[in-house]
Amino acid sequence: MKKAILLACVMLASTSAFSSSKSHWAYSGHEGPENWAKLSADNIACSGNNQSPINLSGFIESELTPITFNYKKAGDEILNNGHTVQVNYKKGSHIQIEGQTFELLQFHFHAPSENVINGKSYPMEAHFVHADIKGNLAVIAVMFEKGAENKGLKNAWSKMPEEAGDKHSLTTVMSANDLLPENRDYYRFNGSLTTPPCTEGVRWFVMKNTVSASDKQISSFSHVLHEANNRPLQNVNARVILK
Ligand SMILES: [Zn+2]
């Protein structure tokens with residue numbers, strides 16, 4: 001077990017510049033969320049004032065412009081890094097928002113949800129991680145409710161990497177479009193990565209509408225991670241949440 005976790009951390013550091021931390025961390029115990037900021041000098045942002053996830057409430061009415069999605073069918077690899085299950089995306093898929101273009105890098109999952117909406121937690125949440133040319137990050141979050149089987153997840157889940165460090169190529173390439181709700185209205189706030197190094201300045205777009213996944217699909221994800229992978233809620237502080 002110890003070996004598997006170590007492997008996961010090494011792998012995280014080498015495969016994703018954006019969601020990685022060089023330090024070893026966990027969701028519970030001594031290396032759990034309460035101590036992330038103290039685990040390494042790299043993680044100092046974890047004790048910042050603009051952290052994610054949050055309880056989205058007290059919304060400010062706003063004229064939010066629609067996100068333009070240009071997603072190709074290009075999710076071709078699924079991996080288990082010991083903290084989540086992630087689908088890596090080939091180059092060439094983008095969103096346009098607030099006059100900027102962000103490229104889709106990967107999407108991954110948390111169970112139960114990290115963000116909560118008006119105090120409501122969901123059984124699973126997907127994060128679609130994007131970066132612009134300067135490395136600024138934008139995350140689109142989608143909440144899953146328990147219900148009908150999710151057809152978009154079906155192929156990827158059939159290649160579920162069971163152990164930390166496992167990686168499989170997806171013979172049936174996935175589209176991130178298949179995991180988004182039809183109506184793409186969103187809530188908007190500024191936050192951070194929800195894992196070390198907890199980098200701030202991340203633009204968050206949380207879909208107002210949910211999608212469904214079956215009980216079996218959600219439990220097969222939780223099963224391979226062995227524990228809940230949601231960081232506790234962080235203080236909103238001076239931030240505004242737009243709707
Ligand atoms: Zn995430």
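Donors here are N, O and S atoms within 2.8 Å of the metal, and water is not among the atoms, so a site may look incomplete. Keep in mind that this is a predicted model.

With that in hand, which protein residues hold the zinc ion? The donors are His108, His110 and His127, and they lie 2.0 to 2.1 Å from the zinc ion. Are His108 and His110 buried or exposed? His108 is buried, and His110 is buried too.

Now for the protein chain as a whole. Its secondary structure consists of four helices and 13 strands. A compact globule of 243 residues would have a radius of gyration near 18 Å, so the 17 Å found for the protein chain agrees with that expectation. Along the principal axes, the C-alpha atoms occupy a box of roughly 50 × 40 × 35 Å.

| Feature of the protein chain | Value |
|---|---|
| Buried residues, out of 243 residues | 50% |
| Contacts joining residues at least 24 apart, among those between residues at least 6 apart in sequence | 67% |

Finally, the charges. The protein chain carries 23 positive and 23 negative charges. The mean positions of these two sets are 3 Å apart.

Definitions and conventions:
Residues are numbered from 1 along each chain as its sequence is written. This is a predicted model: local features need pLDDT of at least 70, side-chain atom pairs count only at pLDDT 80 or more; totals for chains, interfaces and linings use all residues. Side-chain values use heavy atoms; hydrogens and water are left out. Donors are N, O and S atoms within 2.8 Å of the metal (3.2 Å for Na, K and Ca); water is not among the atoms, so sites may look incomplete. Buried means under 20% relative accessible area, exposed over 50%, partly exposed in between (1.4 Å probe, protein chains only). Helices (H or I, at least four residues) and strands (E, at least two) are DSSP runs, numbered from the N terminus. The radius of gyration is taken over C-alpha atoms; the globule rule is 2.2 Å times the number of residues to the power 0.38. Contact means heavy atoms within 4.5 Å. Lys and Arg count as positive and Asp and Glu as negative; His and the chain ends are not counted. The place of a charge is taken as NZ of Lys, CZ of Arg, CG of Asp or CD of Glu.
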